[in-house]
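Here's a quick briefing to read alongside the model. Have the sequence and the 3D view open as you go through the points.

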Amino acid sequence: MSINRRQFITAGTVSTAAVALGSFPYAALAFSEKSQTLIDAFAAGAVPAEGKITLTAPEIAENGNTVPVEVSVESPMSEQDYVTEIMLLGNDNPAPSLATFKYSPASGLARTSTRIRLAKTQDVIALAKMSDGRVFVTSKSVKVTIGGCGG
Amino acid sequence: MRPSPENTQSMQLTKASKHVVRAVITPALMLALGSTAVVAGPDNSTLSIDGETYATDTAPAADSPLPHLYSGWRFRSSETQSLQMDDFENPAFTAVDTGEELWNTVQGSKGKSCASCHGDAADSMAGVRAQMPKWSDALDKPHTLQTQINACREGQMGAESWKWEAENMLAMTAYVGLQSRGMPVAVDLDAGDMQSWSARGKDLYYKRVGQLNLSCANCHEKNFGKMIRADHLSQGQTNGFPLYRLKWGGLGSIHRRFKGCMKNIRATPFERGSDEFIALELYVASRGQGLNIETPAVRN
Amino acid sequence: MANKIKPRVKVPKTATAGEIITIKTLISHKMESGQRKAKDGSLIPRKILNHFKAEFAGTIIFEAEIAPGISANPFFSFNARVQESGEFHFTWTDDDGSIYEAKKSITVS
């Protein structure tokens, strides 16, 4: 059975869109409005790409007040090619900003560990900006639970 | 999913409905505790702090109602456990630094510091926290670490006493407590009137109170190792106090934790330093006899 | 003694030239987020450490713009590539303008 014209056009549109975005899930990452504003400002026109960033966070946070996280970015950290900034966001926090870290070649590694506050189960988002303006993004879902007694 | 008594979230209850609450909630809660599919138990991690290993469980006394004693450390997530395994990563240590400073600071009318009489805390304070609460003939009641510190401050230093949960008291109890780290809990129940104080504490431990009509034992003896919603129930041991609680974002005392637990079951809590809490602290310490002191510990 | 803001820093005592070392910092601070409510329902005003900087020989090797989403008693672990002996200078800035500092030396051979 041959497909009708409507089906063909729809299929074509979808596949074109898929090609335009590549297989990268950036468009599929559900950023809150507040997060998207911060990301757009950080990226300054660049389209965040996947890769390079490793974000470590617990699957289940024992307490949302103090969640240990670590972010690191693959980079030679040379004068020609280094990470300038890493931004951490709590996508569904009342205010998503957590911290923005700044590096230089003297940092040796673009890596930081810290402890963050998460108001509820959400994605922690990490973005990295390179000295040539490229931006990378990743996220990790962290479950934040209410204890049995809340005490 | 596990059954959960959603109606416990509403706290506006009339007197009449309290009976309904008791009749409905308690069995519902017990059902939730008893029938949960997730029996998480204490884990098998090894506590090693800056290279030194500490046992976190021990065999109980012959008459203990517990089959085996486990430190609260064994019930925490690996991330929380890690925070205690490095004295730099452990957020309690800024308080320990403050405690050390205070130890060496002259305070009060007699121009002394703790160091004036006690010298190096690592020597003089080794074992002190492990024996708390300790009988005091002078007071005719047990001393806790807090009351002992204040007795020294007022009596020997002519300095003002510190409030139970004041930053200075937390810092000093953390610093002094640290000097007993790795030593087993060793309360002396034979001194003075300790037996009757311990018996009073035991009564409090097993007494059901509050709107939720629970006793300490309901959770910490009958159901340790199980999940109550998302909390992993420990045995409610006190070998790590004063400790850094992630929820508090800071250090807290045993009596603060007792108060929190009582509020959680919607009971009117006793006050810090009250005879009830001193008796309870004594009894709970005796339940953990032999467990290593981990002060200052890190918990959820 | 009033609420003491105490920094703690961990820097290796020695390193070889070109080595990348790990530095850890912790400072006691409530980091009042501005989201919490007092008993009367009013918002407790925000008061946090909003900036942290680690410098070596006049160069900033790590900097953090800190938001209220960072936990109380802020902890940062980061790295530095050391070429010569010198002193690390750490600075924390409070919303109220107060500055807290710590220094640690390193011998690089």
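Two strands count as paired if DSSP finds at least two bridges between them. With that in hand, take strand S4 (residues 83-90) of chain A: five bridges join it to strand S5 (residues 97-102) of chain A, and the two run antiparallel. Keep in mind that this is a predicted model.

**Chain A at a glance**
- Chain A has two helices and eight strands.
- Chain A has 151 residues, and 46% of them count as buried.
- Take the contacts in chain A with a separation of 6 or more: 62% of these link residues 24 or more positions apart.
- The accessible surface of chain A is about 7,500 Å², and carbon and sulfur atoms make up 57% of that.

- S4(A) and S5(A) belong to an open sheet of 10 strands with mixed pairing, ordered S2(A)-S8(A)-S7(A)-S4(A)-S5(A)-S5(C)-S4(C)-S7(C)-S8(C)-S2(C).
- At the edges sit strand S2 (60-61) of chain A and strand S2 (14-15) of chain C, each pairing on one side only.
- Which residue of S5(A) is the bridge partner of Glu85(A)? That's Lys102(A).
- Helix H2 (residues 33-43) of chain A lies across S4, S5, strand S7 (122-130) and strand S8 (135-144) of chain A, and runs at about 175° to S4(A).

**The three-stranded sheet in chain B**
- Chain B has an open sheet of three strands in the order S10-S9-S11, again with mixed pairing.
- Its edge strands are S10 (250-252) and S11 (298-299) of chain B, and each pairs on one side only.
- Strand S9 (residues 243-245) of chain B is joined to S10(B) by three bridges, and these two strands run antiparallel.
- Within that pairing, Leu243(B) stands opposite Gly252(B) in S10(B).

**A helix pair in chain B**
- Helix H6 (residues 145-157) and helix H7 (residues 167-178) of chain B pack at an angle of about 105°, with their axes 10 Å apart.
- Angles of 65 to 115 degrees count as roughly perpendicular, and H6(B) and H7(B) are therefore roughly perpendicular to each other.
- On the H6(B) side, Leu145(B), Gln146(B), Ile149(B) and Asn150(B) make the contact, meeting Met169(B), Met172(B), Thr173(B) and Val176(B) of H7(B).
- Sorted by class, this contact between H6(B) and H7(B) has five nonpolar residues, three polar ones and no charged ones.

Methods: Residues numbered from 1 in each chain as written. Chains lettered and ligands numbered in written order. Predicted model: local features only at pLDDT ≥ 70, side-chain atom pairs only at ≥ 80, totals over all residues. Heavy atoms only, no water. Axes fitted to C-alpha atoms, helices over the stretch in contact; angles between N-to-C directions. Helix = DSSP H or I, 4+ residues; strand = E, 2+ residues; numbered from the N terminus. Parallel < 35°, antiparallel > 145°, perpendicular 65-115°, else oblique. Contact = heavy atoms within 4.5 Å. Nonpolar A, V, L, I, M, F, W, Y, C, P; charged D, E, K, R; others polar. Buried < 20%, exposed > 50% of the residue type's maximum accessible area, 1.4 Å probe, protein only. Areas by Shrake-Rupley, 256 points an atom, 1.4 Å probe, with all protein chains shown as cover.
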